[in-house]
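These are my notebook entries on one chain, kept in the order in which I looked things up.

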Amino acid sequence: MNPVRAHVTISAPREEVYDLIADLSARPGWCGHYQRDYHLTRPRASGEGAGARFKLKARLNKTYVQLTIAEAASPHLIREDLRMWRLGRTRGFAEYELEPVGRGATRVELTVWTEPATRLDAFKESLGGRRWLKRQLNKSLTRLRRIFEDERQKKPLERATIAGYEPAKAARFGSTV
């Protein structure tokens with residue numbers, strides 16, 4: 001599929017925006033509208049090697065996506081490797097480029113690109129997947145901007161945990177609780 005691009009300008013310092021985007025456990029807070037069953041695949045939630053898995057909420061589509069942060073160059077670039085569709089055959093990437101704009105503002109540009117492994121995967125992507133993805137990316141970047149700019153938003157962000165982690169059964173390493 002040709003690259004799908006979306007961008008937004010956020011009134012916040014580049015370092016703060018970078019920290020939130022690089023933290024995979026915070027993704028459900030601004031990408032949760034099109035991702036279902038989101039969980040971390042590794043204990044580390046940010047930086048190179050961090051990973052997550054989720055299911056896309058597309059109509060008539062059961063697509064699982066596994067992403068891994070391949071490159072994290074603070075504070076200007078985050079590149080994620082993607083594997084999707086059946087058995088992770090389709091590879092792709094998502095790339096966040098952060099550029100300072102003026103004083104105290106950041107332009108975030110998101111590019112998503114996939115390379116279908118089979119003709120069937122290419123056919124599935126051609127059935128409106130590109131337009132749907134562009135709408136979802138634009139909405140998620142708008143939600144990201146709202147996190148930084150909306151003064152009324154006081155509730156904490158929704159966060160993901162590691163798959164299978166149950167706090168009630170976790171070891172208490174030195175705590176007295």
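This is a predicted model: local features need pLDDT of at least 70, side-chain atom pairs count only at pLDDT 80 or more; totals for chains, interfaces and linings use all residues.

**Entry 1**

The axes of H1 (residues 14-22) and H4 (residues 129-149) come within 12 Å and cross at roughly 125 degrees.

Sorted by kind, the residues of the contact of H1 with H4 come out as six nonpolar, no polar and one charged.

**Entry 2: another residue of H4**

Staying with H4, I looked up arginine 146, which has its place in that helix. Arginine 146 has a relative accessibility of 44%, and so it counts as partly exposed. I then turned to isoleucine 10, which is 136 residues away from arginine 146 along the chain, and found that the C-alpha atoms of the two are separated by 8.5 Å.

**Entry 3: aromatic pairs**

How many aromatic pairs does a search of the whole structure find? The search gives four, and I wrote down two of them in detail.

One of them is formed by tryptophan 30 and tyrosine 96, whose rings are 6.3 Å apart, centre to centre, with 75 degrees between the planes, an edge-to-face arrangement. Tryptophan 30 belongs to helix H2 (residues 28-31) and tyrosine 96 to strand S6 (residues 90-101), so this pair ties together parts that are 66 residues apart in sequence.

Tyrosine 34 sits in the loop between H2 and strand S2 (35-40), while tryptophan 132 sits in helix H4, so that the pair links distant parts of the chain, 98 residues apart. Both tyrosine 34 and tryptophan 132 are buried.

**Entry 4: two details of the backbone**

Where is the cis peptide bond that I noted? The bond joins serine 74 and proline 75, and its omega is about -5 degrees. Proline 75 is found in the loop between strand S4 (64-73) and strand S5 (77-84).

I also marked aspartate 37, which has a positive phi of about 55 degrees although it is not a glycine. Aspartate 37 lies in strand S2, and with a relative accessible area of 52% it is exposed.

**Entry 5: the chain as a whole**

Last, I stepped back to the whole chain, which has four helices and seven strands. Read from the N terminus on, the elements follow one another as β-α-α-β-β-β-β-β-β-α-α. The chain has 177 residues, and 41% of them count as buried. Finally, I looked at contacts in the chain with a separation of 6 or more, and residues 24 or more positions apart account for 53% of these.

Note on methods:
Residues are numbered from 1 along each chain as its sequence is written. Side-chain values use heavy atoms; hydrogens and water are left out. Axes are lines fitted to C-alpha atoms, for helices over the stretch in contact, and angles run from 0 to 180 degrees between N-to-C directions. Helices (H or I, at least four residues) and strands (E, at least two) are DSSP runs, numbered from the N terminus. Ala, Val, Leu, Ile, Met, Phe, Trp, Tyr, Cys and Pro count as nonpolar, Asp, Glu, Lys and Arg as charged, and the others, Gly among them, as polar. Rings of Phe, Tyr and Trp (its six-membered ring) pair if their centres lie within 6.5 Å; planes under 30 degrees apart count as stacked, over 60 as edge-to-face and the rest as tilted. Buried means under 20% relative accessible area, exposed over 50%, partly exposed in between (1.4 Å probe, protein chains only). Contact means heavy atoms within 4.5 Å.
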